[in-house]
Amino acid sequence: MLIQSSPLTHSNQYSADSACGHCDGVIRHEAWCITQNAGVQYAYQVVSDPALLSTGDHLILHALGAAWTPKRIVSRGRQ
Ligand SMILES: [Zn+2]
């Protein structure tokens with residue numbers, strides 16, 4: 001009977017279930033993970049709810065010609 005010992009045996013001790021759903025971090029979160037970074041949390045929030053965009057950011061986007069609006073703007077030309 002041949003017993004194979006794989007050098008990778010110990011690298012799989014963490015199951016995918018214990019990994020963070022956002023950054024896949026198992027032992028620690030990535031710096032950009034939403035659970036760690038307030039800026040990323042804010043970015044997620046304003047994407048899901050444009051009303052949460054701060055006045056300052058609204059002005060910056062307005063100055064850049066961008067409209068941060070919950071309305072879906074359909075672009076013509078394609079399709
Ligand atoms: Zn994470």
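Colleague: Among the contacts in the protein chain between residues at least 6 apart in sequence, what percentage joins residues at least 24 apart?

Modeller: This is a predicted model, and a contact here means that heavy atoms lie within 4.5 Å. Taking the contacts between residues at least 6 apart in sequence, the share that joins residues at least 24 apart is 0%.

Colleague: How many helices and how many strands does the protein chain have?

Modeller: Helices are counted here as runs of at least four residues, and strands as runs of at least two. On that basis the protein chain has two helices and zero strands.

Colleague: Which residues coordinate the zinc ion?

Modeller: The donor atoms lie at 2.0 to 2.5 Å from the zinc ion, and they are SG atoms together with one ND1 atom, the latter belonging to H29. In sequence the donor residues follow the spacing C-x2-C-x5-H-x3-C. The residues that coordinate the zinc ion are therefore C20, C23, H29 and C33.

Colleague: What arrangement do the four donor atoms around the zinc ion make?

Modeller: Four donors count as tetrahedral if all angles lie between 85 and 135 degrees. The four donor atoms around the zinc ion subtend angles of 103 to 114°, so the arrangement is tetrahedral.

Colleague: Is C33 buried or exposed?

Modeller: Buried means under 20% relative accessible area. H29, at 31% relative accessibility, is partly exposed, whereas C20, at 9%, counts as buried. Because C33 has 0% relative accessibility, C33 counts as buried.

Colleague: How many disulfides does a search of the whole structure find?

Modeller: A disulfide is a covalent bond between the sulfur atoms of two cysteines. When the whole structure is searched, the number of disulfides found is zero.

Definitions and conventions: Residues numbered from 1 in each chain as written. Predicted model: local features only at pLDDT ≥ 70, side-chain atom pairs only at ≥ 80, totals over all residues. Heavy atoms only, no water. Donors = N, O, S within 2.8 Å, 3.2 Å for Na, K, Ca; no water. Tetrahedral: all angles 85-135°; square planar, octahedral: opposite > 155°, others 65-115°. Buried < 20%, exposed > 50% of the residue type's maximum accessible area, 1.4 Å probe, protein only. Disulfide = S-S within 2.5 Å.
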